[in-house]
Amino acid sequence: MSEESVFFSRALTELTLSFHIIYATIGVGIPLMIMIAQWVGIKKNDEHYILLARRWARGFVITVAVGVVTGTAIGLQLSLLWPNFMELAGNIIALPLFLETFAFFFEAIFLGIYLYTWDRFENQKKHLLLLIPVAVGASFSAVFITIVNAFMNAPQGFDVVEGELVNISPLLAMFNPAMPTKVAHVVVTAYMTSAFVLAAIAAFRLLKGSNHIYHKKALFLTMKVGLVFSIATAIIGDFSGKYLAEYQPEKLAAAEWHFETVENAPLVLYGILDDGEVKYAIKVPFALSILAHANPTAEVIGLDQFPEDEIPPLYIHYLFNIMVTIGMSLVGLSGLYWLGTKLRWTFVNSRWYRLLIVLGGPASVIAIETGWWLAEVGRQPWILRGLMRVEDAATTSGHVDKMLILFAGLYFILGVGSVVVLTRMFRKNPVEREIEDRNVEKGGDIL
Amino acid sequence: MTLEIIGVFVLWTFLFGYLIVGSIDFGAGFFNAYSLLTGRQRILTNIIQRYLSPVWEVTNVFLVFFFVGIVGFFPKTAFYFGTILLVPASIAIILLAIRGSYYAFETYGFKGHKGYAFMYGMAGFFTPAALSIVLTISEGGFVNMVNGSPSLDYGALFKSPLTWSIVVLSLSSVLYISAVFLTWYANKAGDLEATRLMRKYALIWALPTIITAGGIMVELRSHNTEHYENMVDIWWAFALSLLLFIGSVWLLWAKRSYGLAFGLLAGQFLIAFFAYGFSHLPYLLYPYLTIYDSFTNEAMAIALIIAFIAGLALLIPSLYLLLRLFLFNKDYVRGNKKNHA
């Protein structure tokens, strides 16, 4: 097995997934946001929310396109770069992969219908109905694909007898112990990220001088939804920690720099690792025991319990810190905004606060990236925990390095292209003009 | 019927679906770009955009469905085809990515941007070639086993006349299928100019399609005798396919019943595609991999088939709705209503 192929296969997979999840996360969350805006618009009989849904949907198409093509890429790359893994996994975990394509199919059909029937239905409620399969399809494709990933962390649903897989149960493999926390965390953070990305756009328009009520409505709606889902994310994140302590203690221990198995375990926040010594860290007494077992005196397994070659890289601690810090800051930012708006505190409408909200959008995307890197690198050296090591799964082909360059070029073009198209789309047609156009069209009076 | 046969039948059916919808899509992009070059864009672009806009994403799913399904039903294909196809499949992914994204960019962002339309057309022209390599490889003779891992002999692959015949067939049939469909679609839209142009293209591409299809049978005779003999055994299926071909060309020639002409064409490709697939059995990759030695375990096979049936129950009504709203909706096809996002 050539080491070079393994390295480049890992690099290419990481590149593809890191790029894909930006668009995929938005793809999962935005349909829900569109649905909420459309629903609020109908309920309040407020044309602004309907327009919000429409404009989000238009931008969404661009992100979907990139999500679809990079999703196709990773779907094929799984077999191209990890043929041995897919051969094994195909026997046990093909069902959720297969179901994911159905969910995706379902979404694709109704998204096409939704986008091209804006002016066909007089009744907006009918149009809202079309969004339900889009949102359900988008969320369920995340559910199914995360189940596959959960299986890689906690393989079950089969027995190994003399190197052969027997007694295979596809359903048991799907409903593995990692599945509930992983799926919930992925779906909820996708909603959360989408809400904060959309909030950032609204805040940006307000910051840029538009004072239109449309952007204020958009900002309040997205921040409120963002608050709900960021709180949900924190709660599920806590469950994930407890899951790790129970089933994957080496990942938790590496992420927390918890070297020795002890009771009353403190939580290490921030800091740097220098020659095996932790420096400049904040230690919160008992917090790791609480995080792991909801009991301040509980024993938490440390890295000393694992052979050297089964310990994940220790840099995942930094990833963990970034993810949690961003997540918590966003809970605070959106909570304060919601409270401040209700209580008429003026600072939430100040420039600096809006600037923070603008930064919240990219920050939530960074949290998604670091969260995935933490989850994936924390599983090293395994591709199937306890079953198959990464180096045994990679392809034997010698051309992976060239493919890496090729795909890097592709993602560069797609990334730049999507940003250029999106900004042009909305700059050329600001909401003020669109409202005017619609007024002319309808002869109505939207403010 | 064994589970293996059901599995391969399901996958082959989806691949056929992709063959038709993908061909329409690839060909449409090509004709669109070609009409730009020759200054006839005004005639074709509206028709093509109106058809493609709501369905481009659905087209892509047919392909995803196939390659996810084949690893599900036949996990060993991941090991064999995954290892050898790294380069050709990666190129196909990149071409598909250019198509999918640029289509969306062009349609929603830069309306009428010539560079994008051109790239879109060219990617559509080369994708069928990149994908059809898989069919060539599966005929055997291009894969060597090195230390227990398969490796692709690119030299032999590029020198083989079989490779090039299959590439030419895939290109000309893409253009043929697409042209016949667009003739029908333009005619429904009442667009006489576009109908006339597409009918001309359809008639031009009919001949190379049928000639290369025949030529491939002759080449298989020396390349893969077993497959050739299996094909001869079901010669009647290919003969029937030829009759349907003649029928649809005649209808096009006589300028009548374009809908029926497309129906006959679909029948022609359906029969030929299944007859080809059937005669290829039991091999997936000749001579290393058969459907029997690569099939998944029984529990997974049954689970997949149940999921497939449940999925179809959801998909068929949805697809029907999509077709009703766009393909078979007179107002939409004729562009009488504003239907933009």
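Which residues make a nonpolar surface patch of about 420 Å²? The views below come from a predicted model.

**View 1. A nonpolar patch on the surface of chain A.** Leu336(A), Trp338(A), Leu339(A), Leu343(A) and Trp345(A) together make this nonpolar surface patch, which covers about 420 Å². One of these residues, Leu343(A), is found in the loop between helix 10 and helix 11 (351-377) of chain A.

**View 2. A patch of positive charge on the surface of chain A.** Four lysines, Lys43(A), Lys44(A), Lys224(A) and Lys342(A), gather here in a patch of positive charge. Lys342(A) lies in helix 10 of chain A, a helix that runs through residues 316-342. Lys342(A) counts as exposed because its relative accessible area is 51%, and the cut-off for that term is over 50%.

**View 3. Helix 3 of chain B and its covered residues.** Helix 3 of chain B, made of residues 76-84, is mostly covered, with eight of its nine residues buried. The buried residues are Thr77(B), Ala78(B), Phe79(B), Tyr80(B), Phe81(B), Gly82(B), Thr83(B) and Ile84(B).

View 4. The secondary structure of chain B comes to 13 helices and four strands, and 60% of its 341 residues count as buried. Along its principal axes, the C-alpha trace of chain B spans about 60 × 40 × 40 Å. The radius of gyration of chain B, 20 Å, agrees with that of a compact globule, because a globule of 341 residues would have a value near 20 Å.

How values were computed:
Residues numbered from 1 in each chain as written. Chains lettered and ligands numbered in written order. Predicted model: local features only at pLDDT ≥ 70, side-chain atom pairs only at ≥ 80, totals over all residues. Heavy atoms only, no water. Patch = residues over 30% accessible without salt bridge, like charges linked within 9 Å, V, L, I, M, F, W, Y side chains within 5 Å. Areas by Shrake-Rupley, 256 points an atom, 1.4 Å probe, with all protein chains shown as cover. Salt bridge = Lys/Arg side-chain N within 4 Å of Asp/Glu carboxyl O. Lys, Arg positive; Asp, Glu negative; His and termini not counted. Charge placed at Lys NZ, Arg CZ, Asp CG, Glu CD. Helix = DSSP H or I, 4+ residues; strand = E, 2+ residues; numbered from the N terminus. Buried < 20%, exposed > 50% of the residue type's maximum accessible area, 1.4 Å probe, protein only. Rg over C-alpha atoms; globule rule 2.2 N^0.38 Å.
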